[in-house]
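This report concerns selected secondary-structure elements of one protein model. Please consult the sequence and the coordinates alongside the text.

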Amino acid sequence: AWMEQLIAESSGKVGKGIVPLAKEPVQSVEDYSKDRIFVYLRSDGSQDGLVADLIANKLPALVFEVKSAYDLGAQFYLWEVATALACITLGVNSFDQPDVQDNKTRTVNKINAFRESGKLVEKEPAFLVGPVKIFLGEGIKIKPGSSVYATVENYLNSVLKTGDYVAINAYVPRNEANEELLTTFRGKIVAEFKKATTLGFGPRFLHSTGQLHKGGADNGVFIQITADPLEDIEIPTEGISFGTLVRAQSIGDFEALEARGRRVIRIHLPKPDHIHLIK
């Protein structure tokens, strides 16, 4: 997760960037595209066979021996320097985050409007799939499927191109159950479409991969997942609740992606524990 933020936020701007894939489900080596590089932090040798297969298939794999926790300090330093040098090569400022600020500004504007009107302004859902609302980004034209996943299939089949990756941006509680369900969802996309995938929990990812999503190359295809909170708590002195704040952040994120012409849909669940409906 640390490397994901370092690489994505540093490199993803002015239409360029390196896409880090953290904890992606392993797939058949033959299905990996040639635009990947693999990093193996080797401690117990458990992935030696996989790495040997990668190299045999002419996929680049970097192997670093990590014998103890004391080796992590050296890895931190190594990847900070490597990222800075990569950004020099790309011709981008690794210390800037212009598109993170854009999302913050949109969120503040949404909250100010909410304080005046008592509601958050957002577009209407394009259609329903059972109790799930589906919102389509600008220019996306798809029909509902028989299930939420079938609708996602319709979306990906209509927009995916060579070199794309699929980003799953989930504004739901980051707990073990949700992470397991979304990883399964991610694995189905990897297996079916043979595309690289990322999984981020909002609003955390807005300050890591969020910069890459908006400032990087136009090779991201986005699936935003939101839900009404089970319980909500007022933020003292602010006149809004935490649920409203997160909703404003997710709407701002969606609109920021739209403003850059990114391909995006939003899946809105009645409750966070309805996340099983996306499978």
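## Basis

The model is predicted: local features need pLDDT of at least 70, side-chain atom pairs count only at pLDDT 80 or more, and totals for chains, interfaces and linings use all residues. Residues are numbered from 1 along each chain as its sequence is written, and side-chain values use heavy atoms, with hydrogens and water left out.

Helices (H or I, at least four residues) and strands (E, at least two) are DSSP runs, numbered from the N terminus.

## Helix 4

Helix 4 comprises residues 98-117 and reaches 29 Å from its first C-alpha to its last, close to the 28 Å expected (1.5 Å times one less than the number of residues). Its buried residues (under 20% relative accessible area, 1.4 Å probe, protein chains only) are Asp99, Val100, Asn103, Thr107, Lys110, Ile111 and Phe114. Seen down the axis of helix 4, these fall within an arc of 125° and so line one face; the arc is that of the directions from the helix axis to the C-beta atoms.

The cover over the buried residues of helix 4 includes helix 1, helix 7 and helix 8 (contact: heavy atoms within 4.5 Å). Gly118, with a positive phi near 85°, follows helix 4.

## Helix 6

Helix 6 (residues 176-193) has 18 residues. Among its buried residues are Leu182, Phe185, Ile189 and Phe193. The buried residues of helix 6 pack against helix 5, strand 5, strand 6 and strand 7. Lys194 follows helix 6 and has a positive phi, near 55°.

## Strands 1 and 2

Strand 1 (residues 38-42) pairs with strand 2 (residues 61-65) in the parallel sense over 5 bridges; pairing requires at least two DSSP bridges. Phe38 stands opposite Ala61 in strand 2.

Key
Buried < 20%, exposed > 50% of the residue type's maximum accessible area, 1.4 Å probe, protein only.
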